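Please read these notes with the sequence and the model side by side. They are meant for a first reading.

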2 protein chains.
Amino acid sequence: MMTDDPAGLLRKHGIPVTAQRLAVLRAVSARPHGTADAIAGDVRAEIGTISRQAVYNALGMLAEKGLIRRIQPAGSPARFENRVGDNHHHLICRTCGRTVDVDCAVGETPCLAAADDSGYRIDEAEVIYWGTCPVCLAKR
Amino acid sequence: MMTDDPAGLLRKHGIPVTAQRLAVLRAVSARPHGTADAIAGDVRAEIGTISRQAVYNALGMLAEKGLIRRIQPAGSPARFENRVGDNHHHLICRTCGRTVDVDCAVGETPCLAAADDSGYRIDEAEVIYWGTCPVCLAKR
DNA sequence: ACATTTTATTGACAAAGTCCATAACTTGAT
DNA sequence: ATCAAGTTATGGACTTTGTCAATAAAATGT
C-alpha cells in the first residue's frame, strides 16, 4: 500500500519508534513552521500528554537524522518543518511572523557557493527573506 | 576634519546623544559580531557602568536607525556589527561559532528577488552560510 | 518473555531578553 | 545659562526558550 508509514520511516533511519516521536513527526507534518510549544500542544491534543523534554528530544533527533528541518528566525523561537531535501527558503513577516516557503531564486543549489569561503567548509546556505505579509500590509 | 564623529552621526539620525549610546556604538565598531553581553562588557571597561537594559535599548535603537545591523544565528544570542548597507552575508562555524563576513556571491542585490514573493513586501534577504571553520577543521 | 539499552518524565536550572517604576539626563525654548 | 518637557538609564522582577540530571518506563534483539 502507499500510505505513508511513519514508523517504518523512523526505523529506516535507525530511530527506535515511540508514541511520542510518531506524534511529534505527525504534528510537524500537519503544521509546518510550528514552534516546539505549538507542536507540544498538537501532540497533547492527540495523545493526551507529553513532556516538554520529550518534544525537544524528538525534534532534535528527527532534525539530526534529516527527517525534519529546524529553522531559527531572528526574534522567534525555533520552528520545524517536514519539507526537507529541496533547498527551499523562507519568507517571514516582520510584523506577525507568518512564514511561507519560497523556492530558490537562483537555481538548484543557489547561494551554496560563497564568493570567498575563508577556508571554511560550507555545508548549508540558509536564506531568509524578511518583509511584510499581505495581511499586515492591508492593515496599515 | 575627517575624524569619524559618532555624536554627529547619532544626531544626524535623530538620535539623542548619550554616553551609553556612544560607548555602545564604539564597542560594536571595535568588535564586529559581538553579542549584547560582550558589548556590555566592553562598554563597562570603557565608561565604568551601564545597565543591561541600556545596552539593549541602544543596540535596538541603533539597529532600527540603520547604524548597526543585528544578526541572530541559530543557537546563538543576537550579534551586532557596524558594517551596513553593503548587503554582505555571514559564514558561521557550527562548532565554535566563529563568524566572518562574506561578500555576496551573486552580485549587487543577490537574492533580494525571491522566485515568488507570495504577496509579501520583501525588504531584506538574509543569507547565512553554515560550515566548519579552518581552526575546527584542523582539530579533527 | 527477559535483559540491556534507549527513551520519557519530572523538576530544577540557565541564558537571553523584556517589563515596569523611579531617577537621571537631553534637548529646545526662554 | 536656566528651566520645563520629554526621553533615556537604572535596577529589579519577570518571561520565554531551552537544557541538565536522576529516576521511571518503554523499545529492541535474543
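This is a predicted model: local features need pLDDT of at least 70, side-chain atom pairs count only at pLDDT 80 or more; totals for chains, interfaces and linings use all residues.

1. Residues are numbered from 1 along each chain as its sequence is written, while chains are lettered from A and ligands numbered from 1 in the order in which they are written.

2. Chain B has 36 residues in contact with 35 residues of chain A (contact: C-beta atoms, placed from the backbone, within 7 Å). On the chain B side, two or more residues each come from strand S4 (89-93), strand S5 (99-102), strand S6 (121-132) and helix H5 (134-138). Helices (H or I, at least four residues) and strands (E, at least two) are DSSP runs, numbered from the N terminus. S6(B) gives the most, with 12 residues.

3. The side of chain B that touches chain A holds 23 nonpolar, six polar and seven charged residues. Ala, Val, Leu, Ile, Met, Phe, Trp, Tyr, Cys and Pro count as nonpolar, Asp, Glu, Lys and Arg as charged, and the others, Gly among them, as polar.

4. Strand S6 (residues 121-132) of chain A pairs with S6(B) in the antiparallel sense, over 11 bridges (pairing: at least two DSSP bridges between the strands). A:Glu126 has B:Ile128 as its bridge partner in S6(B).

5. DNA strand D is surrounded by 23 residues, and A:Ala78 and B:Gln20 are among the closest (near: C-beta atom, placed from the backbone, within 6 Å). H4(B) supplies the largest share of this surface, four residues. By class, the surface near DNA strand D has 11 nonpolar, nine polar and three charged residues.

Conventions:
Two residues are in contact if their C-beta atoms, placed from the backbone, lie within 7 Å.
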